[in-house]
Amino acid sequence: ALLGVSLFLSSLSLLGALLIIASYLYFPSLRKFSFTLIAMMSVADVVTIFSYFLGNPSADTGLCTFQGLVQQFGELSSIAWSTLIAYTLYSTVKRRIAYTFKHFPYYILVGFIAPLLFALLP
């Protein structure tokens, strides 16, 4: 029963994240730097939700290890993107620094690459 509730709620989260990503891809006017950050956080959420759909595999199996890796990466990536959004808001409002797409490779490094490296640590 608990797994069913988890899968149902994960499905709702997946629909929301996919709606954000689809809106970003479908409407060119939304492809601003700020909405790109939200779309990237939605991608990280989709990765996390994928790990939830793997169910409850038996301990010490390859599927369990894979699920743990994917879940760890997705959760860390979501936290990193939330932090990047907060940092961008702070820098824009308080410090009057406007970040643009030229800074985006650094955001990818912090939002996806660093969480992947941390998730791969033994």
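**Close-up views of a predicted model**

**View 1. Ser77 sits in helix H3, which spans residues 62–93.** Helices here are DSSP runs of H or I with at least four residues, numbered from the N terminus. This is a predicted model, where local features need pLDDT of at least 70, side-chain atom pairs count only at pLDDT 80 or more, and totals for chains, interfaces and linings use all residues. Residues are numbered from 1 along each chain as its sequence is written, and side-chain values use heavy atoms, leaving out hydrogens and water. With a relative accessible area of 0%, Ser77 is buried (buried means under 20%, exposed over 50%, partly exposed in between, with a 1.4 Å probe and protein chains only). Leaving aside residues up to four places away in sequence, Ser77 touches Ala44, Gly111, Phe112 and Pro115; contact means heavy atoms within 4.5 Å.

**View 2. Phe50 and Phe66 form an aromatic pair.** The structure holds 12 such pairs (ring centres of Phe, Tyr or Trp, using its six-membered ring, within 6.5 Å; planes under 30 degrees apart are stacked, over 60 edge-to-face, the rest tilted). Here the centres are 6.3 Å apart and the planes at 80°, so the pair is edge-to-face. Phe50 belongs to helix H2 and Phe66 to helix H3, so the pair ties together parts 16 residues apart in sequence. Phe50 is partly exposed at 41% relative accessibility, and Phe66 is partly exposed at 38%.

**View 3. Tyr87 meets Tyr99 in a tilted pair.** Their ring centres are 5.7 Å apart, with planes at 45°. Tyr87 lies in helix H3, while Tyr99 is in the loop between H3 and H4. Tyr87 is partly exposed at 36%, whereas Tyr99 is buried at 17%.

Methods
Helices (H or I, at least four residues) and strands (E, at least two) are DSSP runs, numbered from the N terminus.
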